[in-house]
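Work through the following exercises with the sequence and the model side by side.

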Amino acid sequence: MISIYFFFDPSKNSYFLKCPLKELTGYDCAGCGVQRAFHELLHFRFSRAFQYNPLFVIAIPFLLLFFVLKSSKAYTKTCWFYNFLKSKLFFLVVLIIVLLFSLFRNTDYYKSLF
């Protein structure tokens, strides 16, 4: 699966999935651009990946940290950060961030940044 995104650019090939919200309404959702950003990250083009979807690029270090903490079983029981990542409060914070990002990325100010 990763090799497909490495060798084929989603912005130049029509057989990649399209966002249903974008197709129906013309508005970007929080996930729009993730495939293109992933392709750019595989080629170490971090600034272009950030332009496609900044939230995805910012979330990757947190996901990696979560999996590292999860793999070290002895550390997870006492780690406040790992316990916070598993909490309902963290889920609520992430949900709010995703919703705010979805709204912000459809503004003229966001479009002028990129």
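**Exercise 1.** Name the residues that ring pairs link into a cluster.

Solution. Ring pairs join Y5, F8, Y15, F16 and F38 into a cluster, where rings of Phe, Tyr and Trp (its six-membered ring) pair if their centres lie within 6.5 Å, and planes under 30 degrees apart count as stacked, over 60 as edge-to-face and the rest as tilted. The model is predicted, so local features need pLDDT of at least 70 and side-chain atom pairs count only at pLDDT 80 or more, while totals for chains, interfaces and linings use all residues. Residues are numbered from 1 along each chain as its sequence is written, and side-chain values use heavy atoms, with hydrogens and water left out.

**Exercise 2.** Classify the ring pairs that F104 forms with Y109 and with Y110.

Solution. The structure holds 10 aromatic pairs. One of them joins F104 and Y109, with 6.1 Å centre to centre and 50 degrees between the planes, and is tilted. The rings of F104 and Y110 have centres 5.5 Å apart and planes at 75 degrees, so this pair is edge-to-face.

**Exercise 3.** Decide whether Y110 is buried or exposed, and then assign F104 and Y109.

Solution. Buried means under 20% relative accessible area, exposed over 50%, and partly exposed in between (1.4 Å probe, protein chains only). Y110 has 7% relative accessibility and therefore counts as buried. F104, at 36%, counts as partly exposed, whereas Y109, at 53%, counts as exposed. For the chain as a whole, buried residues make up 24% of the 114 residues.
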